[in-house]
Amino acid sequence: MSDTAASAEFPSDDEPQTLRLPLNAPSDRLDKVLAGLLTEHSRSRLQGWIEGGHVLVNGAPAKVRQTVGPGDVLTIWEQPAPESLAYTPEPVDFGVVEASPDWIVVDKPAGLVTHPGAGNWTGTLLNGLLYRYPELASVARAGIVHRLDKDTSGLMVVARTERAQTHLVRQLQARTMGREYLALAHGQLTTGGKVDREIGRDPRVPVRMSVERPVAPKQAVTHYEPRRWGLAEGAPATLVACRLETGRTHQIRVHMASLGHPLLGDVLYGGRCVAGATRQMLHARALHFDDPGGAGERAFETSPPADMQAVLDAVHWQ
């Protein structure tokens, strides 16, 4: 065995990889040593393996910051990249309002990510759809036509065939699919109106969207109409019905904040967590579309979930 390179064994896929550090190896942090040996994996991913108990040092559970050196034996169970699990069927809890051979109308709970992405490769609505409806594996994005933010609840339509998906996407593009939201906003709005302001990434805060000097802006149109006024912990609040013409990321949240009326609980856009609100108070309550199967217009409604209803009940309505 050479003293200038680690010896390695490559057993079967269900067994770990074993590395013995050379006798002239310098002592260093385990995660740094692994990053130098397994260059195809990022250091942060290797740290995750260590923290998850997938690495042993001399047969004992490893720690990220522990020091390893000459002659130490490292045992590593390689873990799949998170993105490789993105389209894996998983049991995920979500409501189904109605389904046909062409579509499924889902009532998405708050806290559920719609589609896998960075930081959320598993446990999404898409994973749950593939588990409950295996045939969706043959449809792009498991039939998802439009999205809701993680902490927004309410109705979505999912296509069960490519033909239905094309039909529904064209309705979105033609702005004939109707989507109405209930939003609980700070302040008192006395009249309705329309916000027609382009939305893009905030140049200062990457996780935010903005109408002020946005990066790569896209047209965004939101119609809003106040429904009720009241006091939330002594401060004015308005229940607003919002109707979308376009469907940009965070659209209602950004447009309402641009009016000076951010949503209760939406701390990303200036809202405050009052009256028990722990997320943005936004719910996709109504949806209508032309049935791709030829059954004409279909319309659906759903009540706010329990957490939002509790906030609404805590407001002293005028």
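This is a predicted model: local features need pLDDT of at least 70, side-chain atom pairs count only at pLDDT 80 or more; totals for chains, interfaces and linings use all residues.
Strand 18 and strand 19 make a hairpin, and six residues lie between the two strands. Gly 294 sits in the turn with a positive phi of about 90 degrees.

**The hairpin**
- To find your place in the pairing, look for Ala 286, which stands opposite Glu 301 in strand 19.
- As background, strands of a sheet pair through backbone hydrogen bonds, either parallel or antiparallel.

- Arg 279 belongs to the loop between helix 5 (251-258) and strand 18 (282-290).
- Is this arginine buried or exposed? Arg 279 has a relative accessible area of 6%, and the cut-off for buried is under 20%, so Arg 279 counts as buried.
- Its side chain has a polar contact of 2.7 Å with the side chain of Asp 307.
- The side chain of Arg 279 also reaches the backbone oxygen of Leu 282, at 3.4 Å.
- Leaving aside residues up to four places away in sequence, Arg 279 touches residues from several parts of the chain, among them Ala 110, Asp 151, Thr 152, Ser 153, Leu 264, Asp 266, Pro 305 and Met 308.

- Three strands form an open sheet in the order 14-13-15, with antiparallel pairing.
- Strand 14 (209-210) and strand 15 (215-218) are the edge strands, each pairing on one side only.
- Strand 13 (residues 199-201) meets strand 14 over two bridges in the antiparallel sense, and Arg 201 stands opposite Met 209 in strand 14.

**Two residues with positive phi**
- Ala 216, in strand 15, is not a glycine, yet its phi is positive at about 50 degrees.
- Ala 216 is exposed, with a relative accessible area of 60%.
- His 250 is another non-glycine residue with a positive phi, near 60 degrees. His 250 lies in the loop between strand 17 (235-244) and helix 5.
- His 250 is buried, at a relative accessible area of 13%.

**Helix 1 and what covers it**
- Which residues of helix 1 (residues 30-37) are buried? They are Leu 30, Asp 31, Val 33 and Leu 34.
- Viewed down the axis of helix 1, these buried residues fall within an arc of 160 degrees, so they line one face of the helix.
- In general, an α-helix has 3.6 residues a turn, so residues three or four places apart point the same way.
- The cover over the buried residues of helix 1 includes helix 2 (43-51) together with strand 3 (28-29), strand 4 (55-57), strand 6 (67-68) and strand 7 (73-76).

**The largest pocket**
- The largest pocket has a volume of about 1400 Å³.
- How many residues line the largest pocket, and which lie nearest its centre? The lining has 45 residues, with Arg 147, Asp 149, Gly 247, Arg 248 and Thr 249 nearest the centre.
- Helix 4 (162-174), strand 11 (178-186) and helix 5 each supply at least two residues of this lining.
- Strand 13 and strand 15 likewise each give at least two residues to the lining of the largest pocket, and both strands belong to the open sheet with the order 14-13-15.

Technical notes. Residues are numbered from 1 along each chain as its sequence is written. Side-chain values use heavy atoms; hydrogens and water are left out. Buried means under 20% relative accessible area, exposed over 50%, partly exposed in between (1.4 Å probe, protein chains only). Helices (H or I, at least four residues) and strands (E, at least two) are DSSP runs, numbered from the N terminus. The arc is that of the directions from the helix axis to the C-beta atoms. Contact means heavy atoms within 4.5 Å. A polar contact is a pair of N or O atoms within 3.5 Å; within protein, one must be able to donate a hydrogen and the other to accept it, and residues adjacent in sequence count only if both atoms are side-chain atoms. Two strands pair if DSSP finds at least two bridges between them. On a 1 Å grid over the protein atoms alone, a cavity is a set of points where a 1.4 Å probe fits but cannot get out, and a pocket is an open set with protein on both sides within 12 Å along at least five of seven lines; lining residues have an atom within 4 Å of a point. Grid points are joined across faces, edges and corners, and a volume is the space filled by probe spheres set on the points.
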